Amino acid sequence: MTRLMRQCLLASACIFAVTSVRAEAPPSAEEMWRIIQSQQAQIEALQRQLELTDKKAAETEQKVAETDQKVEITGDMIEQVASTPAAGNWADRTQIGGYGELHYNNLDSKKEIDFHRFVLFFNHDFSDRIRFVSEVELEHAVAGDGQNGEVELEQAYVEFDLNATNVLRTGVFLIPVGILNETHEPPTFYGVERNPVETNIIPTTWWEGGAALHGELAPGWGYDLTLSSGLDVNQSGSSAYLIRSGRTKVSEAPADDGAVTARIKWTGLPGVEIGVAGQYQGDVTQGDQGVSATLFEAHTEIRRGPFGLRALYARWDLDKASVINASDPAAVGRDEQMGWYVEPSIRGHLWDIPGEFGAFVRYNVWDNNAGSSNDTEYKQINAGFNYWPIPDVVFKFDAQQQDNQGNKNDNGFNLGVGYQF
């Protein structure tokens, strides 16, 4: 209670006392003294009561403030515990996944059955902002000296959240280009084999070592920017300057010349993705021939209701800085390499059969010798269906027909089963 309120209460008490005395017969001096002493005692008691009330109010305010402070500290501790995983809770911070696919190929070029890929993912969250991602692959079931298969480390990088929409990756990662290179689990695409354009031109699966920024420029607009190791193409023989021959797989790879890759992607409409990517490397021979390479790629992927569409165009331009050395990509027609495909599809439930069916047709065109005056273009039509009994398991069939003037055709059909988890 304030000092002003206490003074008002004391004054009111005095006035009331004086008024009461005046209404009766005038008291004697002794009676007046007793009245004054009694009133003084009442005033002192009232003052002590007011002071006690003020003290309790102050103590109450202090306790409330202390309680608020404790609640705030407790909240901060809860947030810290929630954002930082417990040191001993390793299993909850580690994820295991993978995919695999078995193929049967009945083509002019081969008739074989092959467990093409067995892949495992091992990921770990160090905190809510820092994590590790990896992908280990065994190709063709058996690896070792004299065996068909290989064990490959396709991804192994540490990812840091810079803020809510941007991350930094450092290590071995898939190059952000095309449709299949980053997302190639069997249930995610049509056809038993990966399409020939993204195999020979992109070339999927393609990974490098370095650093990458990934994030969102604006709602619906994503970007990728990478600085990484580069290709090291063969310079002679039948595979001279073939892009696919230049993948080093980050295995003691020469690092005389790196590569810069950039991509812009729009996903502002549900079920729609439109992307444009490019890469530049100053010398794809790693200092031997001075041959620069530029990649341009554009694609769209649409899934609206039961209807789907994939389309992609990719082109490499290789340019030799000088003609001092006879080794030149233009001499073998590989200064230009290009390809494109269009793939419409339909997917949905069929009668009362559990799961989903999908049918597709894909027209592929590619040419790794597009700079040649000869007709070296490959054309291939694939048609078939996928059946998903559950979303993560798929059975596949497709038939292929090639029409390659001046090249050996490879016709036939393919069967496959794949999974992911």
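Tutor: The model is predicted. The strand is β15, residues 393-402, and its side chains alternate between two faces. Val 394, Lys 396, Asp 398, Gln 400 and Gln 402 point to one face and are buried.

β15 has antiparallel partners. Strand β14, residues 378-390, is joined to β15 by nine bridges, and the two form a hairpin with two residues between them. In this pairing Ala 383 stands opposite Ala 399 of β15. Strand β16, residues 412-420, is also antiparallel to β15, with eight bridges joining the two.

The largest pocket holds about 880 Å³ of space. It is lined by 40 residues, and Glu 193, Arg 194, Pro 196, Thr 199 and Asn 200 are the closest to its centre. Both β14 and β15 are among the elements that give two or more residues to this lining, as are β1, β2, β3, β4, α3 and β13. The largest share, four residues, comes from β2. By class the lining has 18 charged, 17 polar and five nonpolar residues.

The second largest pocket holds about 270 Å³. Of its 16 lining residues, Val 133, Gln 155, Tyr 157, Leu 174 and Glu 182 are the closest to the centre. The elements giving two or more residues to this lining are β2, β3, β4 and β5. Its lining has five nonpolar, six polar and five charged residues.

Note on methods: Residues are numbered from 1 along each chain as its sequence is written. This is a predicted model: local features need pLDDT of at least 70, side-chain atom pairs count only at pLDDT 80 or more; totals for chains, interfaces and linings use all residues. Side-chain values use heavy atoms; hydrogens and water are left out. Buried means under 20% relative accessible area, exposed over 50%, partly exposed in between (1.4 Å probe, protein chains only). Two strands pair if DSSP finds at least two bridges between them. On a 1 Å grid over the protein atoms alone, a cavity is a set of points where a 1.4 Å probe fits but cannot get out, and a pocket is an open set with protein on both sides within 12 Å along at least five of seven lines; lining residues have an atom within 4 Å of a point. Grid points are joined across faces, edges and corners, and a volume is the space filled by probe spheres set on the points. Ala, Val, Leu, Ile, Met, Phe, Trp, Tyr, Cys and Pro count as nonpolar, Asp, Glu, Lys and Arg as charged, and the others, Gly among them, as polar.
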